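Dear colleague,

Please find below the structure that I am handing over to you. My findings follow directly after it.

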Amino acid sequence: MKFPDRKLVEKVRKEYPAGCRVELVRMDDVQAPPIGTKGTVYAVDDAGDLCIHWDNGCGLKAVYGEDIVKKISG
């Protein structure tokens, strides 16, 4: 797995600031929340992954370059 550079991570942090709302479009994981699940971003880690409190209680991160979420507010 190749990690994004610092510049790209900062771009992701600006695009998805803590508190913004997102909706899951695609996540290839057997434990993924259902497509369409909404959540609140609480951080972006050093790998550019979105740390999300999903509304259904799921704790999986959205992995940069693999999973797809769309910003719905914030």
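The largest nonpolar core has 15 residues, and those that touch the most other members are Tyr16, Val22, Leu50, Ile52, Trp54 and Val69. A nonpolar core is here a set of buried Ala, Val, Leu, Ile, Met, Phe, Trp, Tyr and Cys residues joined through side-chain atoms within 4.5 Å. Buried stands for under 20% relative accessible area, exposed for over 50%, and partly exposed for what lies in between (1.4 Å probe, protein chains only). At least two residues of this core come from each of strand S1 (21–26), strand S2 (38–44) and strand S3 (50–54). S3 gives the largest share, 3 residues. Strands (E, at least two residues) and helices (H or I, at least four residues) are DSSP runs, numbered from the N terminus.

The model is predicted: local features need pLDDT of at least 70 and side-chain atom pairs count only at pLDDT 80 or more, while totals for chains, interfaces and linings use all residues. Residues are numbered from 1 along each chain as its sequence is written, and side-chain values use heavy atoms, with hydrogens and water left out.

When neighbours within four places in sequence are set aside, Val69 is in contact (heavy atoms within 4.5 Å) with Tyr16, Val22, Glu23, Leu24, Val25, Leu50, Ile52, Trp54 and Ala62. S3 is mostly covered, with 4 of its 5 residues buried.

The strands form an open sheet of 4 in the order S3-S2-S1-S4, with antiparallel pairing. S3 and S4 are at the edges, and each has a single partner strand, so one side of each is left without a neighbour in the sheet. On average, neighbouring strands of this sheet are turned by 45° against each other, direction ignored; the axes behind this angle are lines fitted to C-alpha atoms, for helices over the stretch in contact, and angles run from 0 to 180 degrees between N-to-C directions. Two strands count as paired if DSSP finds at least two bridges between them.

Between S1 and S2 there are 3 bridges in the antiparallel sense. Arg21 stands opposite Thr40 in S2, and Val22 has Gly39 of S2 as its bridge partner. S2 and S3 also run antiparallel and are joined by 5 bridges. Here Gly39 is partnered by Trp54 in S3, and Ala43 by Cys51 in S3. The hairpin of S2 and S3 has 5 residues between the strands, and Gly48 takes a positive phi near 85° in it.

Next come the cysteines. A disulfide is a covalent bond between the sulfur atoms of two cysteines. It is assigned here to a pair of cysteine sulfur atoms within 2.5 Å, and by this rule the count is 0 disulfides. Cys51 is in no disulfide, and the nearest cysteine sulfur, that of Cys20, is 12 Å away. Cys51 is buried, with a relative accessible area of 6%. For Cys58, the closest cysteine sulfur is in Cys51 at 13 Å, too far for a bond. Cys58 also counts as buried, at 16% relative accessibility.

The loop between S3 and strand S4 (68–73) holds Asn56. Asn56 is partly exposed, its relative accessible area being 45%. A polar atom of the Asn56 side chain lies 3.1 Å from the backbone nitrogen of Cys58. A polar contact is a pair of N or O atoms within 3.5 Å; within protein, one must be able to donate a hydrogen and the other to accept it, and residues adjacent in sequence count only if both atoms are side-chain atoms. Apart from neighbours within four places in sequence, Asn56 is in contact with Pro33, Pro34 and Thr37. Asn56 and Gly39 are 17 residues apart along the chain, and 8.2 Å separates their C-alpha atoms.

Tyr64 also has its place in the loop between S3 and S4, and at 35% relative accessibility Tyr64 counts as partly exposed. Beyond neighbours within four places in sequence, Tyr64 is in contact with Pro4, Leu8, Val12, Ala47, Gly48 and Asp49. One of these, Leu8, is found in helix H1 (residues 6–15). Leu8 is partly exposed, with a relative accessible area of 26%.

With kind regards
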